[in-house]
Amino acid sequence: MLRIEGLTAEVEGKPILNGVDLEVPSGEVHAIMGPNGSGKSTLSYVLAGREGYVVTGGSATFNGVDILAIEPEERAAAGLFLAFQYPVELPGVGNATFLRTALNAQRRAKGESELDAMQFLKLARERMKALSMPEDMLKRGVNVGFSGGEKKRNEILQMAMLKPALAILDETDSGLDIDALKIVSDGVNAMRGPDFSALVITHYQRLLDYIVPDRVHVLISGRIVRSGGPELAQELEAQGYAAVQAAA
Amino acid sequence: MTAPVATGAAGFLARYEGLKDHLPGARKPWLNQLRADAAVHFAARGFPTRRVEQWKYTDLAPVAQASFAEPLTMVEGAIALPVPNAENRAVFVDGRFRPDLSTLDGLAFRVGGLAQGLADAEPWLGALAKPGTEPLAALNTMLFEDGLFLDLPEGVDGGLLELVSIAVDPGRPFAFHPRHLFRLGAGAKLTLIETATGRGHCLHNPVFEIDVAENATLTHGRMLQEEATVFHLSTIYATVAAGGTYDNFTVAAGPRLTRNEIHAALTGPKAACHMNGAQMASDGQHVDTTTALDHAAPDCASRQTYKTVLAGRSRGVFQGKIHVHRVAQRTDGYQMNQALLLSDEAEIDSKPQLEIYADDVKCSHGATVGALDADSLFYLRTRGIPESQAKAMLVEAFLHEAVETVTDDTLRTALTRALDNWWARQEASA
Amino acid sequence: MPAVTETIEAVQSVTESGYKWGFETDIEMEFAPKGLNEDIVRFISAKKNEPEWLLEWRLRAFAAWKAMEEPTWAAVKYPPIDYQDAYYYAAPKHTKGPKSLDEVDPELLKTYAKLGIPLREQEILAGVEGAGSTPAEGRMPVAVDAVFDSVSVATTFKDRLEKEGIIFCSISEAVQKHPELVRKYLGTVVPQGDNFFAALNSAVFTDGSFVYIPKGVRCPMELSTYFRINAKSTGQFERTLIIADAGSHVSYLEGCTAPMRDENQLHAAVVELVAMDDATIKYSTVQNWYPGDAEGKGGIYNFVTKRGACRGARSKISWTQVETGSAITWKYPSCILQGADSVGEFYSVAITNNYQQADTGTKMFHIGPRTTSTIVSKGISAGHGQNTYRGLVRIGAKATGARNFTQCDSLLIGDLCGAHTVPYIENRCMSAKVEHEATTSRIAEDQLFYCRQRGLTEEEAVGLIVNGFCREVLKELPMEFAVEAQKLLQISLEGSVG
């Protein structure tokens, strides 16, 4: 269970999050929607521990662990996964090397045995097939020369390999065509189960047609102003954020 | 033997005066003349100072102020050789050829010590080196004793050969100036892996004269891995005829001061030259790669990729000049140099240079300088990779990009190992 | 009304090739004796009625100059200059107070006409009383300071600028009227002994422009100086000083022409810029000094020191230059980025045709944290021209987070010319990021053919392609200058194809 209470944060001295309260119980998928600049991406970076995103108050725990107090890699080992809105390119770092290093680092942190090259390849091939990814993507540099859709699929592949307990999907739908959107959504839906929860950050309702959330939250000016069921997303789509904000 | 008193250039000139009748080839007038001319040049210029444009960023004062003797006696007995990279290898100790330590049997071409082969070297020795403009070549010409003399006849594939240079610490400062002569006849082929190791307070000042004939290919991998008390100043002169290729890949990681200076001239149509390398330095070290590439014929291609990684209080230099002559139409020249700074006390100086006198050319260079990318580091960490491991991955990726250009598997493996060793030493000392 | 706009029309109206500004104005001149010594320095200072401190300042510069040697590191070749065989002071005799244009030296008026300056501007420039300071309708006003040989002949729109508290006058006038400002800033960016030519200039400078923009003022019009070397055997040594106080903004234009002569003439100017907190100075140059003839005879030696200091936080200095003229160009407009978050820019187009030589570029000194610089250089070589970009990016240990991006592109037209790139990058700061790219290309046959097939002449096609090559720089110029610069590019390349 992810529990966020009164979380405030600033970037370059400018307050962006102004008291976020949110609970995502294990096994549930929650969506966060909000207009541009409302703090959605900031929330995801604060949870993942990006430098420059300074927490000024409040708390965030995941399964009882104070995640704000630990390093980004420790958060990852604790089961937190962030699918980046803009996945980073790593020239010279092979996708396979990267994935295997990450997977084994997390296994090590959990006291599990590391996968050897063969075991890893077998697993990777399996997961890639499910995501309709060509095998040569393993050989290429991480995200280097990938199209927008390929980058997003690569994020989902990493998620499928690392099997996080909490996935934060930061505008994973941006720049995707319908086919890619479906593949990505299938990837997320396949993960759903009692030990998996997800926070789906999105601008539009479209993605939520494919990944149906248990709850929808509206983030405006760094605060959750409304929460509701999946129908809230439709209401937003029909009436816009301004109406919701006025009503809140 | 009394200890040398004169330092720097004066010291070397004095030693030349004292030794000139005893140096190898002292009875050959042509060689005496060559040495005497070099001595005149060296006397006129001395060690270059930082006022000399090509030495703007590398200070030779520690060399110029020291006093070095020759490695006077042959070191006998057991010498620890590095792990071999090839079956055939020529071993030099303190710059002198050691047949007893070498394995060169059954090779279909001439390979051996220059001191023993001077009678055949006259047309080639001094044909490419420029002691008039480069004082270190003058110093080498004046005092060289030995070196590797390679002569591949037309069409011969020499396979893989290793050149090992070991400096053995005699407990006092010493200098050696090997002169290496490589000739590849038309269509000949060779992969040469060079390893320089050594310890003690010494100056290793090799000069290479490399002549690659029509359609011949020389792949020259160098690993300069002497200890941090050694000054390594090497100057390579290569000339490549029509359709020929000279590939140089240098890993410089070890000496206190490394100057890797390469002059390559493409003199016939469709000649090619690839100069790549990785240089690394940490506390107290200085690495300098200086290249000068002459496109003197049409339709030639050149590629250069150099990577510099600096840790601690260290300094890195890259200077690279591409000169395209008026006749060199349809030249394709590319150069990239990139530096990664891992410390707040490191300094990088970079001077890529284009000098172009032909219009139908495609020439470009690029340079980047920066620290490890914070976004990349964060991305790796969000995937659960600990910070130090993430850093190592990024440094490795940065360096390996240069090694990827090497097509010979053995050489690539050897170079990769050299890079990884450096990083492992860094990690261990951190 | 901008002189430059009219100049463009003058350019357009000319059909024959060759240097369009190669006329000589026959105005009665006053000369100091040829040669350079302490007496000449004293003469110039006395002639300008300068205070004692400035004379001493000049004499110190002269002493420094005598001890210096002419630099030889640039990739330019020229016969030795005899510094004793030139006039260091030449001034038109009539400079004040005519009642109408009828009283103005007709030769001066001809010069203005040839420069393409319209009547009203001519009146103002010639100092006709009551000529007023209202611009022609519907045009953006440009205040002009015209410098002939050694002397500023006139400055327009002074009154209007004064209302804003802006000082725009000749530097001689500034020495008289605002000595405290001149004394405070003169030589603080380019010290007297900075380099050989700067030292020479400091000893013998005769005029130039002075600009002071007070705190928070956005200069309401472009300020402009028109330089012209007129007299024979004269060197021109103008000195420009621009100070933008905190929060102010100014855009300054500089244009130059000189008559055709067989002899080489020296132009050794110094420009100093100072930008305080949040101030912006945009300095644009269209340099069109006489380049010499097609055989390389004559032409101006343009040895100029230009430097700006971004002293304040968030200050910005932007240099834009279009260098089409001069036999030899030697200049490196630079930025000293001292203030935190300050910004330096250098946008340059340099053309060398016939036997012209250019060695130009910039220096960016990153001293303060988060300072950024951008360098875009476009070099075009044609004929026997030699074109060198020489630049330095130096990042000090305290310039954390500094950024530089450099792009140097060369275009070669014909196989007798040369294009060279010599960048120096020196970085002592781990968190700084420097990127440098350089390319070389030529105008491809198929590009030319494509244009010609569509009906363009070969020269038009070259002009079009060259303008495309220079687009990134030209777009930095103020509008009027951009059009003039485009025309100049085309004219400069005449005869380079075919």
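Buried area is the accessible area (1.4 Å probe) that two parts lose on being put together, summed over both. By that definition, chain C and chain B bury about 2700 Å² between them, 48% of it on carbon and sulfur atoms.

The structure is a predicted model, in which local features need pLDDT of at least 70 and side-chain atom pairs count only at pLDDT 80 or more, while totals for chains, interfaces and linings use all residues. Residues are numbered from 1 along each chain as its sequence is written, chains are lettered from A and ligands numbered from 1 in the order in which they are written, and side-chain values use heavy atoms, with hydrogens and water left out.

**Chain C and chain B**

Contact (heavy atoms within 4.5 Å) takes in 30 residues from chain C and 35 residues from chain B. Polar contacts are pairs of N or O atoms within 3.5 Å; within protein, one must be able to donate a hydrogen and the other to accept it, and residues adjacent in sequence count only if both atoms are side-chain atoms. Across this interface there are 16 residue pairs in polar contact, both at pLDDT 80 or more. On the chain C side, the elements that give two or more residues are strand 23 (418-427) and strand 24 (433-442). Helices (H or I, at least four residues) and strands (E, at least two) are DSSP runs, numbered from the N terminus. The side of chain C that touches chain B divides into 13 nonpolar, ten polar and seven charged residues. In this scheme Ala, Val, Leu, Ile, Met, Phe, Trp, Tyr, Cys and Pro count as nonpolar, Asp, Glu, Lys and Arg as charged, and the others, Gly among them, as polar.

Strand 23 of chain C also pairs with strand 20 (residues 347-356) of chain B, in the antiparallel sense over six bridges. Two strands pair if DSSP finds at least two bridges between them. Within this pairing, B:Ile356 stands opposite C:Ala419.

**Chain A and chain B**

Here 32 residues of chain A are in contact with 17 residues of chain B. The two chains bury about 1900 Å², 64% of it on carbon and sulfur atoms. Twelve residue pairs are in polar contact, both at pLDDT 80 or more. Helix 3 of chain A gives the most to the side that touches chain B, with seven residues. By class, that side of chain A has 19 nonpolar, seven polar and six charged residues.

**Salt bridges**

A salt bridge is a side-chain nitrogen of Lys or Arg within 4 Å of a carboxyl oxygen of Asp or Glu. Over all chains the count comes to 55. Four lie between chain A and chain B, and two lie between chain C and chain B. The table gives some examples.

| Pair | N to O distance |
|---|---|
| A:Glu73 and B:Arg381 | 2.5 Å |
| C:Asp194 and C:Arg307 | 2.7 Å |
| C:Arg428 and B:Glu347 | 3.4 Å |

**A sheet in chain A**

Four strands of chain A form an open antiparallel sheet in the order 2-1-4-5. Strand 2 (14-24) and strand 5 (65-66) stand at the edges with a single partner strand each, so one side of each is left without a neighbour in the sheet. Strand 1 (residues 2-11) and strand 4 (residues 53-62) pair over eight bridges. A:Ala9 stands opposite A:Val55 in strand 4.
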